[in-house]
Amino acid sequence: MLPEHTDVLVVGAGPTGLAVAVTLAGHGVATTVVDRLPEPPVTSRAAVVHAGTLEVLDRIGIAEPLAERGLRSGRFTVRDRDRVLATVPFDRLPSRYPYALLISQAETEAVLAARLTALGGRVLRPYELTDLDLDGAGATARFAGGDTVRARWVVGADGMHSRVRELAGIGFGGPADPGESFLLADVRVDSVLPRDQVNLFLSRGGPLVWAPLPDGTVRLVATVDDAPREPHPRHFQALLDERGPARRPDRVTGMAWASRFRIHHRIADSYRAGPVLLAGDAAHVHSPAGGQGMNLGLRDAVALGDALAAGPEALDRYAADRRPLAEEVLGFAAGLTRLAAAPPPLRPLRNLLLRTASALPPVRQALAVRLAGFEPTPPSPPPSSIVRLRPPSGPLSAVLPGPEVHDRRGGSGSGPPEGLATGG
Ligand SMILES: Cc1cc2nc3c(=O)[nH]c(=O)nc-3n(C[C@H](O)[C@H](O)[C@H](O)COP(=O)(O)OP(=O)(O)OC[C@H]3O[C@@H](n4cnc5c(N)ncnc54)[C@H](O)[C@@H]3O)c2cc1C
């Protein structure tokens with residue numbers, strides 16, 4: 001059942017909302033997480049967690065359990081059919097996680113949800129946010145069915161079509177056309193390609209990503225002009241024939257799951273409107289080139305959880321710091337897409353440039369760091385903003401006991417910082 005009051009209401013229990021909730025639970029903040037779906041989705045969707053994201057997730061106890069379940073890919077290879085144009089090594093990253101971790105999004109969400117449960121939290125389902133009244137002291141959220149919750153802060157982690165963003169009046173501009181069209185599937189293939197690396201095939205028809213998954217399937221993602229409503233293995237065979245290895249072509253032997261989607265590159269005009277904060281797809285969407293979308297959302301989430309625990313100034317910093325990072329990632333994804341779709345006359349030049357540049361170790365390393373999603377470290381919040389601890393407040397404290405919180409002076413306690421008290 002929904003509480004009447006909460007310190008933080010997180011709308012959406014995708015990877016972003018779950019990671020915000022886990023981070024807040026680690027700080028002992030009373031949090032309510034809701035999702036409109038009765039059950040978490042079981043589909044694969046995002047398939048890679050990068051090293052920079054694993055470093056951030058390590059702080060909330062998620063990196064090790066993820067690393068145990070995923071497949072570790074030591075390199076990323078760019079190809080034009082059989083020819084290797086560039087190899088980007090992850091195994092020399094300055095990280096405890098020197099690889100790209102291939103793992104289905106459903107599994108990533110399951111690991112986050114298990115951690116939330118271990119910290120005493122849970123997702124309340126199915127609750128669909130329909131309305132928000134904002135005021136100087138917080139917000140009143142309304143749900144389909146008539147329930148209301150009073151919250152000091154509301155996190156919009158409700159995805160690309162965010163209702164929270166819309167109700168907070170935050171723009172999400174972009175072109176009116178339907179956006180880039182993608183076809184994707186997890187297929188079983190007979191292939192000579194090594195299963196320890198992700199491959200990006202650049203071809204006249206557009207890019208094709210080939211990524212091995214821990215369950216033995218291969219994730220294929222391709223841009224296509226007209227994606228079929230019901231993708232069939234023959235569509236993926238055709239894509240492999242047109243864009244994949246030519247000398248020893250891959251053969252599709254089965255298909256676990258397939259989908260199509262369209263996407264634009266968009267960023268929210270602001271990440272904060274009064275008590276409302278945005279993170280993840282609610283704040284930015286872009287093409288899956290480079291597998292950056294969910295990763296950026298997960299890093300937003302931990303930054304936002306820390307900022308909510310630290311207080312209002314940190315929230316302004318969150319909003320100011322995270323948006324430029326999203327602009328950079330969107331620019332990078334757009335660049336990868338342009339590179340892949342270079343017109344035929346420019347392709348030999350593109351291939352030559354890629355081969356020459358990637359022969360230089362510093363360029364290879366810079367690309368690996370960029371793909372891995374390492375971000376500049378923001379300055380630490382002043383210690384005074386995160387050490388004021390008091391017992392849990394709000395109705396959720398009865399069912400969501402704050403885990404032990406160690407303050408930076410060496411003491412410990414339980415419950416949220418004073419900045420989050422709602423009086424409930
Ligand atoms: C088919 C497909 C393939 C993809 N492939 C890739 C990929 O290869 N690489 C990559 O990086 N990304 C990929 N993505 C994108 C990736 O899935 C997203 O970046 C990621 O899910 C964003 O996480 P999120 O938590 O911000 O939002 P979401 O995962 O969208 O979660 C939002 C949650 O909010 C809930 N919600 C929405 N509205 C409400 C409401 N009004 N009230 C209550 N709850 C609400 C939803 O039920 C949902 O659970 C793919 C997406 C799709 C659909």
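How many helices and strands are there in the protein? The protein, shown here as a predicted model, has 10 helices and 22 strands.

**View 1. Overall fold of the predicted model.** Of the 424 residues in the protein, 49% are buried. Among contacts between residues at least 6 apart in sequence, 74% join residues at least 24 apart.

**View 2. Residues surrounding the ligand.** The ligand is surrounded by 33 residues, of which Gly12, Gly14, Thr16, Gly159 and Gly280 are the closest. By class, the shell around the ligand comprises 14 nonpolar, 12 polar and 7 charged residues.

**View 3. The largest nonpolar core.** This core contains 118 residues, and the members that touch the most others are Val20, Val22, Val154, Val155, Leu220, Ala279 and Leu304. Helix H7 supplies the largest share of the core, with 11 residues. At least three core residues are drawn from each of domain 1 and domain 2.

**View 4. Surroundings of Ala279.** Ala279 is among the core residues that touch the most other members. When neighbours within four places in sequence are left aside, Ala279 is in contact with Thr16, Val20, Val155, Ala157, Gly297, Asp300, Ala301 and Leu304. One of these contacts, Thr16, is also listed with the residues closest to the ligand.

Methods. Residues are numbered from 1 along each chain as its sequence is written. This is a predicted model: local features need pLDDT of at least 70, side-chain atom pairs count only at pLDDT 80 or more; totals for chains, interfaces and linings use all residues. A residue is near a molecule or strand if its C-beta atom, placed from the backbone, lies within 6 Å of it. Ala, Val, Leu, Ile, Met, Phe, Trp, Tyr, Cys and Pro count as nonpolar, Asp, Glu, Lys and Arg as charged, and the others, Gly among them, as polar. A nonpolar core is a set of buried Ala, Val, Leu, Ile, Met, Phe, Trp, Tyr and Cys residues joined through C-beta atoms within 7 Å. A residue is buried if 20 or more other C-beta atoms lie within 10 Å of its own, exposed if 12 or fewer, and partly exposed in between; C-beta atoms are placed from the backbone. Helices (H or I, at least four residues) and strands (E, at least two) are DSSP runs, numbered from the N terminus. Domain bounds come from an automatic or database domain assignment. Two residues are in contact if their C-beta atoms, placed from the backbone, lie within 7 Å.
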